[in-house]
Amino acid sequence: MKQRVKLFQTGEHWCCVRGQRAVVIGGQRFSARDIQMLSPGRTLSSRLLRPISRLHLRLGSDGRAASSLPKELIKRHELEIDELRPLYMDFQATTPMDPRVLDAMLPYQVNYYGNPHSKTHAFGWESESAMETARRQVADLIGADPREIIFTSGATESNNMAIKGVARFYKTKKRHVITTQTEHKCVLDSCRILASEGFSITYLPVQANGIVDLELLEASIRPDTSLLSVMTINNEIGVKQPMKEIGQICRSKGVFLHTDAAQAVGKIPINVTDMKVDLMSISGHKIYGPKGVGALYVRRRPRVRLEPLQSGGGQERGLRSGTVPTPLAVGLGAACSIAQQEMEYDHQRVSMLANRLVQKITSELPDVIMNGDAEQRYAGCVNLSFAYVEGESLLMALKDVALSSGSACTSASLEPSYVLRAIGTDEDLAHSSIRFGIGRFTTEAEVDYTAEKCITQVSRLREMSPLWEMVQEGIDLKSIKWTQH
Amino acid sequence: MAAAVRSQVISLYRMMLTESKKFPSYNYRTYALRRVRDAFRANGALEDPRAVERLVVEGQQTLALIKRQVRHTHLNDLIWVTGDGRQREMGRINKYNYFAKNDDD
């Protein structure tokens, strides 16, 4: 008969030993079923068995198949009365709207509400001139001509238009598309759809620092490649790709270059002529603009042809039919012009705050790994992995700071982020990674609070972790033989 | 700078700071105060009267913007009556984040 051992003394948080089937403590082996938490009703075995359901299906203690256990840890709930709102440190997911942007948008929501495509009256003319001003503001930020900007409903639509549109237009002669493994889900999904239509797609691997290998990229280009898609700044690890070199390679081989610059526009200086980019996706709500609008830059010289995704009255050069939402477009334009003015100031401030955060955390805590290259990055996206701590417990412990572990679009599934997997992070480190986003409105006090909270919670969770105890004793975890239960 | 212009700039600065302190949102409030202070400091050494005048006009427009936006973002302080007749302040609850009460900037 196996002994039941109570390992954890405090009720609310526990250390989840993911992926391990048994634990060796003090020379004695305890399997998953032997360890019981104090938390009512749930045994640690049901938590342990969840991730290894991929290997073989086992039943959790409550009889349900482990893989179908819902993700219950951070429950969605209404804030209690007098519960304070969390600090916002998730600027890669979305950004609050700048008050100047709202100020620019409001007249077009209230008074100047005409359809910009009405050519016969003042409402239409005012609206159209506002839309064209916004187009010019967006174009000035990236060094383009206003005629090359198409307003869309966001970066996802822009990515879809660019990838599917270009590939389908040139499909008679060119059937190959190249992208990377760390792209945003919309890019990867568009490529998947193209693959089902008969295109061949190459998903380039990235190096351990998150940057694509230029030689491998050049070698993957075939004579029938029509498009190469690489994102400028990654939304999960903040890594900046060498766009000038990639642009050089693509231009020399006659391949169109598309980049998803949603996280990069307005934060680092971008010039489409220098980068030799043919298509660029811009998102409004990542640069302190409104949600629901974005833009696609489509080069005119040399002309890039697209098959439109959305058919209709031929607005936006025939590439994206539909009424352009004037207030949103004005908001996007205002956000771009503000970003251009404030770029230097914001960059200095965000870099200073990010260094402060990372210095504070790494000076107090050992075994913290920053994912992604240390130099070739955007400072405001800091992705840290805390070894021997479980990511979800840490997020729960940090519940008065709004953070995310990995990207918002992948957080619904139990799998660790595919970006972290692509850069070769160990699975346990990938599960314990947190992304800190710093932006224009972050204050020193918020950064200090986050750092201190993080340090205390990580230390507390590590105190409770048997793996940490073993590491402190000097046992090398890789050398333990975990036995099959 | 001429004395009249200097006093105008100083009064503009003071008014902008006063209005910025009225933002209900902690992040907007701290950003406005910080940005106004840094912008005036950065341009403090400017001598060219035309450039100074241009900046003063821009400052006045920004002051009007701050006043408008303070008013707009206060809209959440409305009181409304729920279906069962109870009064509830919409948005008042959970408006403050951790720092709202303790900020000194």
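Strand 16 of chain A is covered on both faces, with Ser433(A), Arg435(A) and Gly437(A) on one side and Ile434(A) and Phe436(A) on the other, all of them buried (under 20% relative accessible area with a 1.4 Å probe, protein chains only; over 50% is exposed and in between is partly exposed). Because five of its five residues (433–437) are buried, strand 16 of chain A is largely enclosed by the rest of the structure. Strands here are DSSP runs of E with at least two residues, and helices are runs of H or I with at least four, numbered from the N terminus.

This is a predicted model, in which local features need pLDDT of at least 70 and side-chain atom pairs count only at pLDDT 80 or more, while totals for chains, interfaces and linings use all residues. Residues are numbered from 1 along each chain as its sequence is written, chains are lettered from A and ligands numbered from 1 in the order in which they are written, and side-chain values use heavy atoms, with hydrogens and water left out.

Tyr88(A), Phe91(A), Tyr288(A), Phe441(A), Phe23(B), Tyr28(B) and Tyr31(B) form one aromatic cluster. Rings of Phe, Tyr and Trp (its six-membered ring) pair if their centres lie within 6.5 Å, and planes under 30 degrees apart count as stacked, over 60 as edge-to-face and the rest as tilted. By this rule there are 12 aromatic pairs over all chains, including these:

| Pair | Centre distance | Plane angle | Type |
|---|---|---|---|
| Tyr288(A) and Phe441(A) | 5.6 Å | 80 degrees | edge-to-face |
| Phe23(B) and Tyr28(B) | 6.0 Å | 65 degrees | edge-to-face |

Phe23(B) and Tyr28(B) are both buried.
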